[in-house]
Amino acid sequence: MTQNDEQARRSSSRQDDEEMGLVAAVRARDLRAFEQLYRRYQPRLTRFVGTLLRSPGLVEEVVNDTLMVLWQKAGDFTGASRLSTWLFAIAYRKAVRARAGEPLLPDDAAVLADITDDGTADAGLSRDRTRQALQRAMGVLSAEHRAVVDLTYFHEIGYREIGEILGCPVDTVKTRMFHARRQLRRAMAGELADWI
């Protein structure tokens, strides 16, 4: 394990410990702890749900419903998985149910580009352009493929955890990623296609 890997593992462990403390406070009805978690997850969940649903109003509704589950059922979170896995899984299930009742709209990659990411500073302009190109190209993917790509590239979640979120085997996640990458390579021009 490299030094960077070890630092990332320790940082992730500290964040998990901090989040467990915040969840315990939410169980005790601490509104400030809930607000912290809301601010941390609302942008990420909005971005993720935005890859599954086309209507910004519906995206907002699903995200708010998901975060209300955190407020109302924090006691149900046992810590068997990461908090992010639990919340993304709830959001995915709610988005799938909402999509079933959502009116059919033409694919509009611009909707994806309008969804804000988690607010972290990008490494540079080149990375930002690559990100924007990927978001536009994701419009050609099915909702299931967009979910796998979004969780992998924009939330840096591994296949095992994605399988937990989506409620499917890891092999299904890998298959979806394989097909999504193939479609994205066709949709993206030039050297960006090599990045996928």
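Predicted model: local features only at pLDDT ≥ 70, side-chain atom pairs only at ≥ 80, totals over all residues.
Residues are numbered from 1 along each chain as its sequence is written, and side-chain values use heavy atoms, with hydrogens and water left out.

The protein contains 10 helices and zero strands; helices (H or I, at least four residues) and strands (E, at least two) are DSSP runs numbered from the N terminus. Of the 196 residues, 43% are buried, where buried means under 20% relative accessible area, exposed over 50%, and partly exposed in between (1.4 Å probe, protein chains only). The accessible surface amounts to about 10600 Å², and carbon and sulfur atoms account for 49% of that area; accessible areas come from the Shrake-Rupley method with a 1.4 Å probe, and for residues only the protein chains shown count as cover. Among contacts between residues at least 6 apart in sequence, 66% join residues at least 24 apart, a contact being heavy atoms within 4.5 Å.

The interior is considered next. In soluble globular proteins, nonpolar side chains tend to be buried together. A nonpolar core is defined as a set of buried Ala, Val, Leu, Ile, Met, Phe, Trp, Tyr and Cys residues joined through side-chain atoms within 4.5 Å. The largest such core here has 55 residues, and Val-49, Leu-53, Leu-83, Val-149 and Leu-166 have the most contacts inside it. Helices α1, α2, α3 (56–73), α4 (83–101), α6 (125–137), α7, α8 and α9 (170–187) each supply at least two residues of this core, and the largest share, 10 residues, comes from α4.

Arg-176 is located in helix α9. Beyond residues up to four places away in sequence, the contacts of Arg-176 include Glu-144, His-145 and Cys-168. Arg-176 is buried yet has no salt bridge, and the nearest side chain of opposite charge, Glu-144, is 5.9 Å away. For this comparison, Lys and Arg count as positive and Asp and Glu as negative, while His and the chain ends are not counted.

Side chains of opposite charge can pair when their charged atoms come close. The structure holds six salt bridges, each a side-chain nitrogen of Lys or Arg within 4 Å of a carboxyl oxygen of Asp or Glu. One of them joins Arg-47 and Asp-150, with an N to O distance of 2.8 Å. Because Arg-47 lies in helix α2 and Asp-150 in helix α7 (residues 143–154), this pair ties together parts that are 103 residues apart in sequence. Arg-47 is buried at 3% relative accessibility, and Asp-150 is buried at 0%.

Another salt bridge is formed by Glu-18 and Arg-40, whose closest N and O atoms are 2.8 Å apart. Glu-18 belongs to helix α1 (residues 3–27) and Arg-40 to helix α2 (residues 31–52), 22 residues apart. Glu-18 is partly exposed at 39% relative accessibility, and Arg-40 is partly exposed at 24%.

Within helix α8 (residues 159–166), Glu-164 and Arg-160 are four residues apart, about one turn of the helix. The closest N and O atoms of their salt bridge are 2.3 Å apart. Glu-164 is partly exposed at 37%, whereas Arg-160 is exposed at 56%.
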